[in-house]
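Please consider the following two-chain structure together with its sequences. A guided reading is given after it.

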Amino acid sequence: MMKGILKTLFTHVILIIFTVIALFPFVWIITNSFKTRVQVFAIPPVWIFEPTFTNYADLLLEGDFPSHILNSCIITLTSVSLALFLGVPAAYIFDRYRIKSKESMYFFIFTIRMGPAIAFAIPLYLICNTLGILDTHIALVLIYQTFNLPFVIWMMRGFFQEVPSEIDEAALIDGCSRMKAFFYVVLPLVKTGIFASAILSVIFSWNEFFLASVITRSVARTIPVDMPAFIGLTRIHWEKMCAAGSIAAIPVLFFALIVRKQLIRGLTLGSIKG
Amino acid sequence: MFLRRKDMLPYLLLLPSILLLLGITIYPIIYALNLSFYKWGMTSGEPMVYVGLDNYSKLVSDPEYHNALANTLFFTAMTITLSFTIGLMIAILLNSEVGGLSIYRTVIMIPTILTPVVIGISFRFLYNYDIGLINYFLGVVGLTKQPWLGDPSLALPALALVDVWEWTPFMTLILFAGLQSLPDAPFEAAQIDGASSFQRFRYITLPLLKPAISVAVLIRTMDAFRWFDTIYAMTKGGPGIATETLSVFTWRHGFLYFDMGYATSSALVMLFIIELFCWIYMKTTFKRERE
């Protein structure tokens with residue numbers, strides 16, 4: 001009995017310490033976003049203070065930040081929609097049909113997903129430069145398919161595998177066309193998978209920094225590209241950076257909470273069904 | 001005729017995806033491969049000069065490239081070792097028969113999904129010599145302040161620690177999922193045979209957990225090897241080139257010096273190394289599926 005209580009206590013204490021370390025930097029950033037410039041620089045740190053909303057007001061009411069939020073939204077939504085539109089049928093075919101050299105195509109798609117962004121970034125930058133589409137939404141939407149499309153195909157193939165092919169066959173026997181069987185019978189059964197793939201792709205696209213920093217300047221600039229700019233040479237805007245960082249983090253947290261059951265499966269490209 | 005049309009359908013549906021992927025990956029890689037045989041200072045206005053394999057032989061003898069390679073290996077090894085060790089311990093605790101643990105699983109995933117560049121800048125703030133909280137806490141417990149990101153010998157471990165912070169929850173959750181899927185029977189049998197809890201861990205848990213471990217370690221190795229965002233946000237490879245990894249080295253030659261030929265040769269070597277890891281990954285995970 002005593003041993004059981006000690007074990008419970010020990011487990012919770014260690015896990016609480018771990019959780020506090022995991023959460024602290026994030027909580028601290030949010031706290032700082034409500035401080036004045038003077039309070040942010042104070043040592044010892046100010047723990048209790050009257051929250052100010054000026055950092056958020058400055059960010060959202062003047063300057064370019066609102067247009068960068070809009071850019072992030074446009075690029076994320078368009079690129080995820082495109083990835084789903086192309087990737088979901090492709091995944092279905094990868095799972096259901098016998099196609100020549102399917103496994104090597106599949107391996108190719110995986111290697112793209114894991115490839116270093118820098119390897120694609122230099123040639124893509126030069127190609128976009130030649131085509132005159134640097135700093136446009138469309139360039140980033142297409143380039144984001146280097147990670148979104150392979151991701152959707154890999155995730156969705158796993159979900160299609162869980163639907164027995166007898167279900168498609170039954171629909172075909174009942175007189176459905178292949179298209180109808182796919183849209184009305186199979187797709188509703190993988191709803192969860194489509195939803196999870198979509199949300200995880202949203203998180204990846206929303207967080208993406210490197211390709212965006214290479215391809216965009218001002219017109220199509222996204223939120224992550226703004227972050228390092230708060231720490232300028234002349235003036236360091238920690239308080240504004242904290243507010244901007246919080247704005248960047250809120251949607252991601254919200255989405256991650258929705259897909260927490262599929263998160264690990266997504267981050268391991270379906271290898272672990274957590 | 002009808003049958004043939006039906007057989008074309010799968011190809012027609014695959015075609016757009018494959019064409020798009022070829023256009024945004026294979027074509028750029030061929031473009032890069034060609035470029036890597038040239039010397040081309042993009043902004044210098046000088047014409048491209050064909051130099052054969054010179055860029056690659058320059059990589060082999062460039063001490064700054066050796067430095068970047070060594071830093072990348074150190075960074076990868078440190079973050080994988082620490083996040084795996086801590087992750088396994090936390091996963092075992094999460095898997096123990098104690099009530100009320102599921103809340104931790106939801107909360108600890110936050111570092112893994114936050115925008116990496118925001119994490120980088122936040123830690124740059126936390127590591128700051130004068131106003132950073134880490135030095136403040138060190139002062140509170142009576143230790144001396146450290147110039148974390150300013151000291152060439154401290155900066156790289158400091159960066160790796162941020163990566164450990166960011167990715168340990170990911171390791172924890174993968175290993176936890178692995179632990180949850182273990183069968184009960186071998187543990188019961190071992191208990192009856194009188195195996196100690198260490199023996200059960202060493203001879204049953206670890207071998208059965210191997211698939212989850214290999215997925216976690218391989219995915220994280222590939223990620224850490226190509227990592228850029230937090231390093232860029234915290235030090236941009238500095239002080240000097242003390243924290244420059246292969247990604248940052250390539251970025252510097254490409255987008256600061258616009259020495260595109262040299263940068264692409266470095267990028268392609270990285271790509272090759274990661275492809276090798278992908279191949280190992282596919283071998284291990286697919287072997288498991290066939291079994």
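The model is predicted, and its scores are ipTM 0.88 and pTM 0.90. For chain B the mean pLDDT is 88, with 96% of the residues at 70 or more. For chain A the mean pLDDT is 88, and 97% of the residues reach 70 or more. Within chain B, helix α3 (residues 63-94) has the highest mean, 95, while helix α1 (residues 2-35) has the lowest, 82. Residues 1-5 of chain B remain under 50 in pLDDT, and the model gives this segment zero contacts beyond four places in sequence. Within chain A, the mean is lowest in helix α15 (residues 263-267), at 77, and highest in α7(A), at 95.

The secondary structure may be taken chain by chain. Chain A contains 15 helices and zero strands; chain B contains 13 helices and two strands. The C-alpha trace of chain A extends over about 75 × 70 × 30 Å along its principal axes, and that of chain B over about 80 × 75 × 30 Å. How does the radius of gyration of chain B stand against that of a compact globule of 291 residues? Chain B has 24 Å, whereas such a globule would have a value near 19 Å.

Burial and contacts describe how the chains are packed. Of the 274 residues in chain A, 46% count as buried, and of the 291 residues in chain B, 43% do. Among contacts with a separation of 6 or more, residues 24 or more positions apart account for 76% in chain A. The corresponding share in chain B is 70%. The largest nonpolar core comprises 158 residues, and A:A121 and B:I174 are the residues with the most contacts inside it. To this core, helix α8 (residues 152-180) of chain B gives the most, with 16 residues.

The contact between the two chains involves 72 residues of chain A and 71 residues of chain B. Which element gives the most to the side of chain B that touches chain A? It is α1(B), with 14 residues. By residue class, this side of chain B consists of 56 nonpolar, twelve polar and three charged residues.

Is α8(A) enclosed or open to the outside? Because 15 of its 17 residues are buried, α8(A) is largely enclosed by the rest of the structure. The buried residues of α5(A) are A:I109, A:F110, A:I112 and A:M114. As a general point, an α-helix has 3.6 residues a turn, so residues three or four places apart point the same way.

In chain A, the loop between α6 (117-131) and α7 (137-143) contains A:D135. This residue is not a glycine, yet its phi is positive, at about 65°. Is A:D135 buried, exposed or partly exposed? With 15 other C-beta atoms within 10 Å, A:D135 is partly exposed. In chain B, B:F258 occupies the loop between α12 and α13 (260-290). B:F258 likewise has a positive phi, of about 50°, although it is not a glycine. Because 13 other C-beta atoms lie within 10 Å, B:F258 counts as partly exposed.

A further feature of chain B concerns a peptide bond. The bond from B:G238 to B:P239 is cis, with omega near 0°. B:P239 is situated in the loop between α11 (229-234) and α12 (246-256) of chain B.

Key
Residues numbered from 1 in each chain as written. Chains lettered and ligands numbered in written order. Predicted model: local features only at pLDDT ≥ 70, side-chain atom pairs only at ≥ 80, totals over all residues. Helix = DSSP H or I, 4+ residues; strand = E, 2+ residues; numbered from the N terminus. Rg over C-alpha atoms; globule rule 2.2 N^0.38 Å. Buried ≥ 20, exposed ≤ 12 C-beta atoms within 10 Å, placed from the backbone. Contact = placed C-beta atoms within 7 Å. Core = buried A, V, L, I, M, F, W, Y, C linked by C-beta atoms within 7 Å. pLDDT = per-residue confidence, 0-100. Nonpolar A, V, L, I, M, F, W, Y, C, P; charged D, E, K, R; others polar.
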